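Subject: Structure handover and notes

Dear colleague,

I am passing on the structure we talked about, together with some notes on what turned up in it. Please have the sequence and the model open while you read.

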Amino acid sequence: MPEVMAAPRVSNGGRNKGGAYVDRDKPAQIRFSNISAAKAVADAIRTSLGPKGMDKMLVELSKAQDIEAGDGTTSVVVIAGALLDSCSRLLQKGIHPTTISESFQKAVEKGVEVLTAMSRPVQLSDRETLLNSATTSLCSKVVSQYSSLLAPMSVDAVMRVIDPATATSVDLQDIKIIKKLGGTIDDCELVEGLVLTQGVTSSGVTRVEKAKIGLIQFCLSPPKTDMDNQIVVSDYAQMDRVLREERAYILNMVKQIKKAGCNMLLIQKSILRDALSDLALHFLNKMKVMVVKDIEREDIEFICKTLGTKPIAHIDHFTPEMLGTAELAEEVSLNGSGKLVKITGCTSPAKTVSIVVRGSNKLVIEEAERSIHDALCVIRCLVKKRALIAGGGAPEIELAVRLAEYSRTLAGMEAYCVRAYADALEVIPSTLAENAGLNPISTVTELRNRHAQGDKMAGINVRKGGISNILEELVVQPLLVSISTLTLATETVRSILKIDDVVNTR
């Protein structure tokens, strides 16, 4: 009887009921090719982990980490790569992808519990702890030598835009980073108020106290016809009349602006015609109105929030209640590398700050901006989830030890998969040790031993080249960064495991 049943299977070969050929090995091949591709990316960026690592290369996974936590973008890819390596070995042993996926989900849930248990609460009033977290984030950046300047700046910026007692998150749109070429990173500064890179138009008025600021979105120049028309002027009398009308039209607009009490005018950039004619500028200077033109459209919202002004789309709406107020508006020279307009002492209830980033070239400025953004994100993580955790590979090795213990309480394939998950997490301390020039095997073995004995805060001290209590060395990171790294890496690996076929598009 078994022979009779086996016969159709042999004759059918790789065909299904419809007669189409089905390659039974294809799902396995697809999984392995996806895992190989993702591992290659992870291996490529392993060298960029930690303060001694080379610079970054980011992928979609690290973008997700960047949005969620703002830091840990390298770690998340390295962990995902290690987990995929484990998956590859588990699949080769014949364990079903669904079993691996579900076991990994159990492991990550247990991992979050372990991380939460080893974290310690932090108060936003504890400035020292916030500074340590920001400094740790900046240590792995190109501008790490300036962390003593950039870390306090980042902490102060966040603290000024939130109410520490009630805040549950930070809107980083309230902190505007302005890049200005020239000078060095030492010249970076935090400004409570608004900074404009455009500079004052003409040198008529460069300083205004008790500023009443108007923001206009219409043009101070002669009107144009709706259609493209040509006007032929045949004699001088007509020419004079055209010029007189133009002069009267512009003067009327400028008088209306001055009548509303405005002594500083911001003009949005126009693509249709000149936003500001020379004649209008001449009248505004005579009336002692400070003018800044070419305000970008995307800056309008931040300017309105900072100054408490409202954008004005037509001259008829130019009234005193549409104006914003500030104690001082002045043009500041930057030691021969251009000028900035600073508006300080704003009375608007909205809390915003500006950070001016300086640097000798574009590359340095871009790197400084990215580093400040990461430091701001670390402080934002602490506002969202007010708990800190040790850095230096301590959380990962603690997870590896505790998950290995947890795997012994499970049965069957699950235990095997959770154990593989735990071993994969050792890639972070191993890579940190490797990039710091230490022996990865002996370092990780010693770390595992220390954690098994209950020393939860033992981590790799890259500066001293050994293992020490990493909390005492002030190498700390927000709990949210570690949790986000773990959960996102695991979700990505589980997603890749679910892919068992690829449809080629032509």
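This is a predicted model: local features need pLDDT of at least 70, side-chain atom pairs count only at pLDDT 80 or more; totals for chains, interfaces and linings use all residues.

Residues are numbered from 1 along each chain as its sequence is written, and side-chain values use heavy atoms, with hydrogens and water left out.

Salt bridges

Side chains of opposite charge can pair when their charged atoms come close. With a salt bridge taken as a side-chain nitrogen of Lys or Arg within 4 Å of a carboxyl oxygen of Asp or Glu, the count comes to 23. One of them joins lysine 141 to aspartate 374, whose closest N and O atoms are 3.2 Å apart. Lysine 141 sits in the loop between α6 (127–138) and α7 (147–161), whereas aspartate 374 belongs to helix α11 (residues 362–384), so this pair ties together parts that are 233 residues apart in sequence. (Helices, H or I of at least four residues, and strands, E of at least two, are DSSP runs numbered from the N terminus.) Both lysine 141 and aspartate 374 are buried, where buried means under 20% relative accessible area, exposed over 50%, and partly exposed in between, with a 1.4 Å probe and protein chains only.

The salt bridge between glutamate 369 and lysine 179 has its closest N and O atoms 3.4 Å apart, and since glutamate 369 lies in helix α11 and lysine 179 in strand β2, the pair ties together parts that are 190 residues apart in sequence. Glutamate 369 is partly exposed at 22%.

Contact of α4 with α13

The axes of helix α4 (residues 73–92) and helix α13 (residues 412–424) come within 9 Å and cross at roughly 145°, these axes being lines fitted to C-alpha atoms over the stretch in contact, with angles from 0 to 180 degrees between N-to-C directions. Contact, meaning heavy atoms within 4.5 Å, is made by Ala82, Leu83, Ser86 and Leu90 of α4 and by Tyr416, Cys417, Ala420, Tyr421 and Ala424 of α13.

Arginine 31

Arginine 31, in helix α2 (residues 26–45), counts as buried at 13% relative accessibility. Its side chain reaches the backbone oxygen of leucine 497 at 2.7 Å. Leaving aside residues up to four places away in sequence, arginine 31 touches Leu91, Pro97, Leu497, Ile499 and Asp500.

Positive phi angles

Lysine 288, in the loop between α9 (278–286) and β7 (290–295), has a positive phi of about 60° although it is not a glycine, and lysine 288 is exposed, with a relative accessible area of 57%. Aspartate 294, in strand β7, also has a positive phi, near 60°, and is partly exposed at 31%.

Methods:
A polar contact is a pair of N or O atoms within 3.5 Å; within protein, one must be able to donate a hydrogen and the other to accept it, and residues adjacent in sequence count only if both atoms are side-chain atoms.
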